[in-house]
Amino acid sequence: MAALSFALLAVQALAAGYWGFVRADALAARPDNPRRIAFDAHIHRGRLLDRNGAELAVTRFDADGTPSRVYPLPAAAPVTGYQTWRYGAGALRGATYGAGGAEAAYDAALRGDLGRPLGAVLATRVLGRPQIGHDVVLTLDAGLQTVAAEALGDAEGAVVVVDVADGAVRALVSEPTFDPAALDEQVDPPDDPSAPLFNRATQGRYPPGSTFKTVTLAGALAENITRLDSIVDDGGDAVGSFGGYAVRCTNQPADAVRFDIAHAFAYSCNLTFARLGADLGRERWLKHARAFGIDAAPPFPLATAAGQLSNDGALALPELVSAAFGQGEVLATPLHMALVAAAIAGDGTVPTPYLLADVPGVRWWAIGDERGTWRRAVSAGVAGQVRQAMITAAEVGYNGTAQLAGGPRIGGKTGTAEAGDGRPHAWFIGFAPADAPRVAVAVLVVHGGEGIRAAAPIAGRVLAAAVEADAAATAAGSTTMPGPARRAATGWSRP
Amino acid sequence: MTAARHGFRPVEAVLMAIAGSVAMAAAASPALAAHEAVRAADLLPAASVIGAYAALHALLSWRAADSDRVLVPLLALFAGLSLAIVRRLAPDFGAAELRWQLLAVVVVAAAALGPFEPILFQRYRYSWAIGGILLVAGTILFGRTAVGAPAGSPRLWLGFGALGFQPSEVMKFVLIVFLAGYIDDRRELLSERGPRIAGWRLPPLPYLAPMVVMLGLSLGLLVVQRDLGAALLMFVITLGMIYLATLRADVVVVALGAFALGATYLHRHAQIVATRVAIWLDPWASSQTAGYQLVQGLLAVASGGVLGTGLGLGQPTIIPAVHTDYVFAAIVEELGLAGGIAVLALYGVLAWRGMRIALDARRSFDAHLAAGLTLGFVFQEAIIVGGNLRLMPLTGITLPFLSYGGSSLLVCAASAGLLLRISRSRASDDGAFE
C-alpha cells in the first residue's frame, strides 16, 4: 500500500509535469488564457515602423497605466493587422482571414519574448518589471501606402507594390478595411458583410483577366512558339473556333488587322492568346503558369492563398484557351499578379515577398523571416521580351491612364475580368521605370469595370509615387533606409 | 517500549525549525508581493500556529517522547503553507483559517494525548456507524448549501447559524474506524475460503455482509446528496483496507468491476456524473462555461513553469473555488513544478510515516486504524489532485491539511493525532525515526 501511495504520487507529479512543462507553451498561448491578457497589459510592446521610421503602430499608456495600441496610419491596417487587449494579436474570431497582420506575425519580437539579454529576462521574471518589446521596422512605405489607399478610394479592391530587386513589399492596400484601434469596441467585426478583415491583396482569389496574358506570352516565347515580331491576322472580323468556342479580338483600333505579337498583347487580343494557349497545349501551358507560382500560396508573413489554374486539371480546349487569356477557371490573388509583374520586370525569377526590414537589437535569424528568390518563372531573356511587350502596351494604350504625363515611363498590362453576373473586375499590373524597373505593382478593383478606366489610373499614380520615393531615398543615401537591400547582399536570405 | 517516556526529541526539533522557517517565508512572500514590505501582522498568524505546534513538540517530549518524530513538524509545515496559501487566495477567510488551524493543533494534541483509548472505538463500532449514517441522513433532510453558494448547489452542510460542518467528512472518519474494528474482529474469517463457484473461491459472504451494507448505505446517501468526491473516497478507502486485511486481489477485482458497473449506471442516469465526465473528456469545448474551472486550473499549472511566479505574484484567483478545490493548481502556479512536486513529496512522507506506524503497531486494531487513516489521506489527496490535473473527473473535495475548510481540517487533525497516539504503542523501536 505504501508502494501504491508512492505510485499515485508519482503519477500526479508526471501529470503536473505534463501540463506545467510539456504543454505549458501551448496552453499559455491560448487566446482565452486570462493570464496572458493580464501579463500583456504590462508589456511595453514595441512599435511597428515603416521603412523611413514613421510610426505605424505604437502603444501608449494613459495616466492610470492602461495601455492602448494606436495606429497613426489606418490605411496600413491590412499590413499592421491588430493587437487588442480583448483579442490579442490576430486571435480574433475569424482569424482565418489572416487579419492579424504584422502584429501577429512579429508578435514575439514586439512583445519582447525573443532576443532579450538574460538580465532583462531575469528582471521581468524575478522582479516583476515590465517586459520591453522590440521595435519592428517594416519594408512598407507609409507615404506610398497612403497614395495607394487614396488612389483606390472607397472602391473594393487591392493594391500591391513590391520591389523588383528583392520582393520587399512597399505598399499593400485592401479595401474595405478596418480600424485596428476600434476593434475592441466593435461588435463582432467578422460578421460585417463587407468583410473588412478579409485581406483581398493576399487572400482574395479573382479571375485575373487579360493581365494573365503576360504569363501565357512568357510561356509561348520560352517554348519558341512565337516571337514578339511574329505577325498575326487576328484583327478585323477574324474569329477562331476552339472546340466550338468562338473567340475574337475586340479592343484593337478599327483599322488594325495585321499586327505583331507585341501589339496583339497591347491590344489585349483574345484570339491571339487563345491560339498561343492552344499551341502550347495543356501540359506546357500549365508548366509555365505553375513556374510563376500561381497555384501555390506565396511565402509571406501575412496569410496568403494559393490561386488556381484549373478546377480539376482537365483543361479541355475551350477551358485551356480561356485560361490562356485569364478567364475560365484561372484564379489569382493581387499578390500573385504583383509577383508576376516583378518577375517580368526583373530577371525572370519570382522574389519571395517580404515585410520585415529590421528588428534593431535582434539578430535576423531569431526572427526567421524568409527572403530571396521564391522560384524561377522564365529565363532572363524571355522576361526581357515580355517586359518589352508591356512597355509597348503602355506606349500604345495607357497614355493618360497608367502612363502619366511627366511620370516615369512604365510597362504594364490591363485586365477586365468577367466576374459572373456583376461588372467585371478591373486589373492592372505593371512596373517602373521602364528601362530599369525598380518597383512592380498590381491593382485590382472588384467589379470596377474596365481595367483601363478603373485600375490603370490607380496604377499610374502609385507607380509615379513609388519611383519618386525611390529616387528620394537614393538621393538621401542608405542611412535613411533600414537597409533590406544591403542586408540581402550580406546574406540575410535563407537558402 | 524501551524509549524513555521523557526526553528531548532532537530530530523533531530540527524538523520543526525547518518547518517554521518555511512557514515564515511563505507568510512573508505574499506580503512582499502585495505591498513590498512585511508587517508584523503578516507574520503573526504563521508565528502563532508554528508556536502552537512547537508547544505540542514540547508536550510530546514531556509526555510521549517515544511517539513519531516526523508527524508534528510535517503538520506544522502543512499548517504554515495552508495559512499562507489560503490567506493569499481568499483573504476574507484568513481569520477563520487561523482559528481553524489553531483549533486543529488542539485536536491533534487531544487525539494524541487525551485520556482515552482507541480501543473504545472498536468496542462501540456499531454505535459509531449508526451515528455516522444518521448524520448523513440528517444532512439529506435538513442539510443546507455552503454559506454563499448559489442555489442548487449540493446541500452538504449541517448546522445552525454560523456553525456548520460537513457530515461527509465525519462520515469518512467514522467509516475508517468502523472498518478497522470490524476487520480486526473478523480478520481470520475474512481471509478464509468461502464457497467455490466455477473454480473460484468466494470470500465468506456472511462475514463481508455487514461491511458491504455499511459501505452501500454510506455510498448511497452520499450519491443521493451528489457528494461524489466523498463517495468515491469512501469506496477506495474501504477497498484498500479490505485488501490490506485479506491480501486477496480477487476481492479488489470484483469490487472494481462492481464500481465500473455502478459508474456506468450513474453515467447514464445521473446528470451530474455525465456532466463531470464530459467536462473531463473535453474541457476545451466548454472552456468558457462548464469546463471553465478545469481549463483555468490547467492554465494555472501551465503558467507556473519550473519555479513558479512566486507566492502572491500569480493569478490563481481566476480559478473558481480555488481555496477549497484548486489549492494544488494554485501552488503549482505560484511555486512552480518544484513547489508542486515538493508538496506531493510531503504527502509521500505522510504516507511513509503512516504506513510505518501501522506496521509497527502493537495491536491489530491499531494497525488497521493507522493504515485506514493513512489511506484516507493518500486517496483524498490523489482524488483532488488527480481532478486538478485532469487525470480523472473533478470532484470537489479538499486537499488534506492545505485547503480551506474547517470540517476537513479538524477531521484530518484528529486522524493525524490518532496516528501519533498509535505510534506511541509500537511493537519495537526499529521503525522509529531517530
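**Notes on a predicted two-chain model**

1. Let's start where the chains meet: 25 residues of chain A and 32 residues of chain B make the contact (two residues touch if their C-beta atoms, placed from the backbone, lie within 7 Å). On chain A's side, H1(A) gives the most, with 14 residues. By class, that side has 16 nonpolar, six polar and three charged residues. Here Ala, Val, Leu, Ile, Met, Phe, Trp, Tyr, Cys and Pro count as nonpolar, Asp, Glu, Lys and Arg as charged, and the others, Gly among them, as polar.

2. Some ground rules. This is a predicted model, where local features need pLDDT of at least 70, side-chain atom pairs count only at pLDDT 80 or more, and totals for chains, interfaces and linings use all residues. Residues are numbered from 1 along each chain as its sequence is written, while chains are lettered from A and ligands numbered from 1 in the order in which they are written.

3. Now look at the sheet in chain A: five strands, in the order S8-S7-S18-S17-S16, form an open antiparallel sheet. Helices (H or I, at least four residues) and strands (E, at least two) are DSSP runs, numbered from the N terminus, and two strands pair if DSSP finds at least two bridges between them. At the edges sit S8 (169-175) and S16 (411-417) of chain A, each pairing on one side only. S7(A) and S8(A) are joined by six bridges, and Val159(A) has Val173(A) as its bridge partner.

4. Which helix of chain B packs with H1 (residues 10-35)? Helix H3 (residues 71-89) of chain B does, at an angle of about 5° and with the axes 8 Å apart. Axes are lines fitted to C-alpha atoms, for helices over the stretch in contact, and angles run from 0 to 180 degrees between N-to-C directions. So H1(B) is roughly parallel to H3(B) (angles under 35 degrees count as such). The residues of this contact divide into 15 nonpolar, two polar and two charged.

5. Check two cis peptide bonds in chain A. One joins Glu175(A) and Pro176(A), with omega about -5°; the other runs from Ala432(A) to Pro433(A), with omega near -10°. Pro433(A) is in the loop between S17 and S18 of chain A.

6. Finally, Arg390(B) has a positive phi near 60° without being a glycine. Is Arg390(B) buried or exposed? Arg390(B) is buried, because 20 other C-beta atoms lie within 10 Å, and the cut-off for buried is 20 or more (exposed is 12 or fewer, partly exposed in between).

Terms used
Parallel < 35°, antiparallel > 145°, perpendicular 65-115°, else oblique.
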